[in-house]
Amino acid sequence: MEQIRETIENWSLMVGISERMAEFSADAVLVVVALLLSWLAYAICHHFVVPITVRLTEKTQVEWDDVLLNERTLRKACMIVPAIVMWMLIPHIFYRYPMVETILERLTAVYITIASMKLGIAIVESIKMLDSDHRTSRHQYLHTFCGVLKIIVIFISAVVIVAIAIDRSPLTLFAGLGATSAVLMLVFKDAISGLVAGVRLTSNNMLHKGDWITVEKAGINGIVEEITLTTVKVRNYDNTTLTITPQTLVEDSFQNWNTMKEGEGRRVTRKVYFDFRFIRPIDADMRQRLTERGYVSEGLLTQAELKEGTVNLTLFRTYADRYLSRHADVNSSMLYMVRQHESTPTGLPVEFYFFLREKEWKTYENKMAAILEHFYAAIPDFGLSIYQRDVAEPIQHFFQ
């Protein structure tokens, strides 16, 4: 650079330019040369180094280099190169202007710090892709760890920028942060509590991205879309998006339906209230009706069970239990039963408890409804009646 400066100054003096203008002309030319060198360094990295590096990583057997040395990360690194070239040339160009040299060096150093921060964040984002299975505990750990790394990168960059601005060593500022640790704990309280809660959620296999969860207190009933240090984002089935803190999920209870989706069946529990006035022993007419309608021929009841004195509700529970055991959509290897609950003023509750093989919501609802509707249609064959409030009398009384 000195040789270029001297050559330009000599040429300027030879053509009759004053010494002061010759120095200014030399400085201006050196600035242009520095800008050209910076642009050339960026162009070489952008058009040659990046494509070559991407092709080399694609040919390797390992996968981590494809993730970390991806094109986006390398482009971020290219943004630092011209600033480094300029930072190295500034002392050789502006040594005659100490104030300008100091300002430009600090501005360039700040730019290098910001570009390095963006590069660090890009690398952290790339680390998340090392595990493509978003439902594993390892991926959740990695996601949480990357969130902490991003905070650390931003924090260190901020301290370095402040140190550059006030012309102090960053190590001096880091040493002085011990006295302000309480303030830092307050500032990063949510991030720290979120980190601890996230570790507890993932280490105990309580929550993963893609799980269906229900949090009644928060009105949440949907699929987990994102888990970060401070929030868990859930898309409800009404297509609204709700957020909740990981700490809330740890401290309060929530329902995770993932085990049901991965299990062998989805549970059905429905109660039907029978009118007490219709519960009685069977008679000859009812025995004949049940026989004629195929309950015996289909093996759902036996002639021995249709003996005199058998209660019609007992026969119905026996029939319903056998129907569930033979139904193709019911997982008979899991618990199924038709049980009686404690009597109420609104009738005798009988519960149908079984598991359907189908777990997809719409299909599950349709198959459950078809089975229950079959039972509702069969109830009159047993001389039974579902309890239902008679509203005719109050309405008639109202019009009188």
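This is a predicted model: local features need pLDDT of at least 70, side-chain atom pairs count only at pLDDT 80 or more; totals for chains, interfaces and linings use all residues.

Q: OK. How many helices and strands are in the protein?
A: The protein has 16 helices and eight strands.

Q: And what share of the residues is buried?
A: Of the 400 residues, 34% are buried.

Q: Now the sheets. In what order do the five strands of the open sheet run?
A: The order is β4-β3-β2-β1-β5, with antiparallel pairing.

Q: Which strands stand at the edges there?
A: β4 (241-244) and β5 (255-256). Each has a single partner strand, so one side of each is left without a neighbour in the sheet.

Q: How many bridges join β2 to β3?
A: Five bridges join β2 (residues 220-227) to β3 (residues 232-236), and the two strands run antiparallel.

Q: Which residue of β3 does V224 stand opposite?
A: V224 faces V234 in β3.

Q: Next sheet. What is the order of the three strands that form an open sheet?
A: They go β6-β8-β7, and the pairing is antiparallel. β6 (266-274) and β7 (337-340) stand at the edges. Each has a single partner strand, so one side of each lacks a neighbour in the sheet.

Q: By how many degrees are neighbouring strands of this sheet turned against each other?
A: On average 20 degrees, direction ignored.

Q: Which helix packs on the sheet?
A: Helix α15 (residues 361-378), which touches β6 and β8. The direction of α15 makes about 30 degrees with that of β6.

Q: Back to β7. How many bridges join β7 to β8?
A: Four, and β8 covers residues 348-356. The two strands run antiparallel. V338 stands opposite F352 in β8.

Q: Which side chain does E351 meet in a salt bridge?
A: That of R339, at 2.4 Å from N to O. E351 lies in strand β8 and R339 in strand β7, so the pair ties together parts that are 12 residues apart in sequence.

Q: Why does E351 count as buried?
A: Because E351 has a relative accessible area of 7%, and buried means under 20%.

Q: How many salt bridges does a search of the whole structure find?
A: It finds 10. Among them is E125 with K150, at 2.8 Å from N to O. E125 lies in helix α6 and K150 in helix α7 (residues 137-165), so this pair ties together parts that are 25 residues apart in sequence.

Q: And what is the accessibility of E125 and K150?
A: E125 is partly exposed, with a relative accessible area of 27%. K150 is partly exposed at 24%.

Q: Switching topic. Where is T108?
A: T108 sits in helix α6 (residues 98-127). T108 counts as buried, at 12% relative accessibility.

Q: What is T108 in contact with, leaving aside its neighbours within four places in sequence?
A: A83, W87 and I90.

Q: Last one, S325. Which helix is S325 in?
A: S325 is in helix α14 (residues 312-326). S325 is partly exposed, with a relative accessible area of 26%.

Q: What does the side chain of S325 reach?
A: The backbone oxygen of R322, at 2.7 Å. Leaving aside neighbours within four places in sequence, S325 is in contact with S332 and Y336.

Q: And how far apart in space are S325 and L335?
A: They are 10.0 Å apart, C-alpha to C-alpha, and 10 residues apart in sequence.

Methods:
Residues are numbered from 1 along each chain as its sequence is written. Side-chain values use heavy atoms; hydrogens and water are left out. Two strands pair if DSSP finds at least two bridges between them. Axes are lines fitted to C-alpha atoms, for helices over the stretch in contact, and angles run from 0 to 180 degrees between N-to-C directions. Contact means heavy atoms within 4.5 Å. Buried means under 20% relative accessible area, exposed over 50%, partly exposed in between (1.4 Å probe, protein chains only). A polar contact is a pair of N or O atoms within 3.5 Å; within protein, one must be able to donate a hydrogen and the other to accept it, and residues adjacent in sequence count only if both atoms are side-chain atoms. A salt bridge is a side-chain nitrogen of Lys or Arg within 4 Å of a carboxyl oxygen of Asp or Glu.
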